[in-house]
Each structure stands twice: as structure tokens, then as C-alpha cells.
Amino acid sequence: MENFPVISLEKLNGEERKDTMEKIKDACENWGFFELVNHGIPHDLMDTVERLTKEHYRKCMEQRFKELVASKGLEGVQTEVKDMDWESTFHVRHLPESNISEIPDLSDDYRKAMREFALRLEKLAEELLDLLCENLGLEKGYLKKAFYGSRGPTFGTKVANYPACPKPDLVKGLRAHTDAGGIILLFQDDKVSGLQLLKDGQWVDVPPMRHSIVVNLGDQLEVITNGKYKSVEHRVIAQTDGTRMSIASFYNPGSDAVIYPAPELLEKVAEEKNQVYPKFVFEDYMKLYAALKFQAKEPRFEAFKASNVNLGPIATV
């Protein structure tokens, strides 16, 4: 198995730009994942976010998780648990409007650091979308416009902790799934591993690296590229010792954005053979995904193909 793709963004500014763009292209086409270093987000900000996330978990969430485990009898399970995950989470919305001030138990320092981190991630996500446009031969800004809808993109963060698990063979940290949205930026623990992706029928570890951002592509980019880029199944394996931190930020289309394959990427052959991905409103896709998250993505696409109607032109900025 070849090495997991690690890409240094600062190399885009010099002689290695062409090679770096090629690495990004290969990662998008063959992995659906890559790991970014030298991405421009200050390391001291990342250290602050990590410290405050771990403090918040210990103070406000750890005991609740232990009580949940006890109430469900999870520590004594003898057979595989297929209807829940070994994770403790909360969600923050940043766009179209932030709800961070409404989330209970967060310290002022934590809210401030998360706001700053989210702004940096939003900028990085949009930069990455333009790099994808360049590799795909789409005009700069195409993907951002495709995500825009009437109020701009949806952007939010899932903050998760995966505590030590006595039966990791029977309870997954997070069951296998693809991500429904657009482009996902993950800041993960650099000491406790667990994230795996499915490549060529094998589960491959996503290596923990200090101060890196792991990027993966969601279902919407698969649709817009008409399958040139694919969203990839991934999961989290719980560990017997150590709590793994995961801060995943999802840069998604606006709820009323109309998603469909970019006309420039449709080949005549695909159209003739009806190998064209469907057209739908993002919110409708999310409703279907909510019920079927841990099932294969293909039936979701097929369901929309079967119900396709003329949804009109895409909204632009």
C-alpha cells in the first residue's frame, strides 16, 4: 500500500507548485483524503483549541459519558454493538450564523479560540475548493458558488472525544460512513490514533501528525465532479487506552443550494449511458442521509436520480 498522502501547502508558492497540485489531484482521485501541513493556521492557536477542548471534556462531558455507558450496560457487552458509537460529542454552527454563544458550559476563552479557529478553517476550505477547481479545469470560485444557495454555505464543527474503550472489537468509536457534505477539515489528536479509511477493500490508518489538518471529500463533491472525485468510507476504531480528540469542521452547501454535476465535467459518453449523477436540493439530501448515514451512499444517489425534476439554475453569489 502506498503512503498516505501528506501535502505541504506552502509548496504552492514556489517551484514545486506543479508537483503539489498533482499530489492534491492524485489524493482526490485515488484516496478521497489527504493530510495538510504548513497550512497557515497558527500552531499556537491549534494548541490552545486542543488544550481547551480536552479541559472541557474532562470538566463537562467525561462524567456524562461514563453515566451513559453504565446506563446502556456497554462495558459488559458480549456481542457487536451496531446501533451506537463510543463517542462524546457536541456541535457548533458557524455559518450562515453562529450559535457558539448558545452552547452551554463553554468558557469565554474556549468560545473565543473556537471562533478564531473556525474563521481560519473557513478561509482554508475556500482556498482548497479553488485548488480543486484548478485541478478540475473549472473556473475559480465555481465550487464556492455551487455551494452558495441564497444565504451562503453551511459551516459547522463536530467536537468529539473517543474515550478509552474496554471492548473496541465490539463497539466502534464511529461506525463506517461517508460524509454527506462538501469538504471536511479535521484537527485530530496527534497521540491517540483511530481514524481509518477504506481503500481498495482494506482499512488504512490516517496517521496522527502534530498540527496537521486532515482533509476529506464529501458526497456533494462526488456529485458535482460526476464521480471524478469520490467520497470515501471511513470509521473510528476505539482504543483501549487514551482519549482521542477529534474536531471535524464541515464546509457544506447552503440548505437551499441546488447540487448537480458541473456541465464542463460531463462527458458525452456518460450522458449517453445515463452515468450522470443526480440533481437535488442539499437539504433534501441531508434528510435522506440522516436516516441512512451508516448505509452505502449509492442508493441515496439512485433515489434522487429516480425522482429528478427540473430544479432550475444554480444560485450564484
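Biologist: What volume does the largest pocket have?
Modeller: This is a predicted model, and the volume is computed from it. For the largest pocket the value is about 620 Å³.

Biologist: Which residues lie nearest the centre of the largest pocket?
Modeller: The lining of this pocket is made up of 32 residues. Those nearest the centre are H91, K158, D179, A248 and F250.

Biologist: Which element gives the most to the lining of the largest pocket?
Modeller: Several elements give two or more residues to the lining, including β3 (88–95), β6 (183–188), β11 (244–252) and α7 (282–292). β4 (154–162) is also one of them. With seven residues, the element that gives the most is β4.

Biologist: Which element gives the largest share of the largest nonpolar core?
Modeller: The largest nonpolar core has 79 residues, and F34, L36, F117, L128, I183 and I213 touch the most other members. Nonpolar side chains tend to be buried together in soluble globular proteins. The largest share of this core is 14 residues, and the element they come from is α3.

Biologist: Which residues does I183 touch, not counting residues up to four places away in sequence?
Modeller: I183 is among the core members that touch the most others. With residues up to four places away in sequence left out, its contacts are A125, L128, L129, F147, V215, N216, L217, L221, S249, F250 and Y251.

Biologist: How many residues does the other core have, the one with A160, I184, V204 and V236 among them?
Modeller: That core lies apart from the largest one. A160, I184, V204 and V236 are among its members, and its count is 16 residues.

Biologist: Where on α1 do the buried residues lie, on the same side or on opposite sides?
Modeller: The buried residues of α1 (residues 17–30) are T20, M21, I24, A27 and C28. They cover an arc of only 120° around the axis, so they lie together. K18 and D19 are exposed on the other side of α1.

Biologist: Which elements do the buried residues of α1 pack against?
Modeller: The residues in question include M21 and I24. Their partners are β1 (6–8), β2 (33–37), α3 (108–136) and β9 (213–217).

Biologist: How far does α3 reach from its first C-alpha to its last?
Modeller: α3 has 29 residues, and at 1.5 Å a residue the expected reach is 42 Å. The model comes close to that, with 42 Å.

Biologist: Which residue just after α3 takes a positive phi?
Modeller: Just after α1, G32 has a positive phi of about 75°. After α3 the phi is about 80°, and the residue is G137.

How values were computed. Residues numbered from 1 in each chain as written. Predicted model: local features only at pLDDT ≥ 70, side-chain atom pairs only at ≥ 80, totals over all residues. Heavy atoms only, no water. Buried < 20%, exposed > 50% of the residue type's maximum accessible area, 1.4 Å probe, protein only. Helix = DSSP H or I, 4+ residues; strand = E, 2+ residues; numbered from the N terminus. Arc of directions from axis to C-beta. Contact = heavy atoms within 4.5 Å. Core = buried A, V, L, I, M, F, W, Y, C linked by side-chain atoms within 4.5 Å. 1 Å grid on protein atoms, 1.4 Å probe; cavity = no way out; pocket = protein on both sides within 12 Å on 5 of 7 lines; lining within 4 Å. Points joined across faces, edges and corners; volume = space filled by probe spheres on them. Expected span 1.5 Å × (residues − 1).
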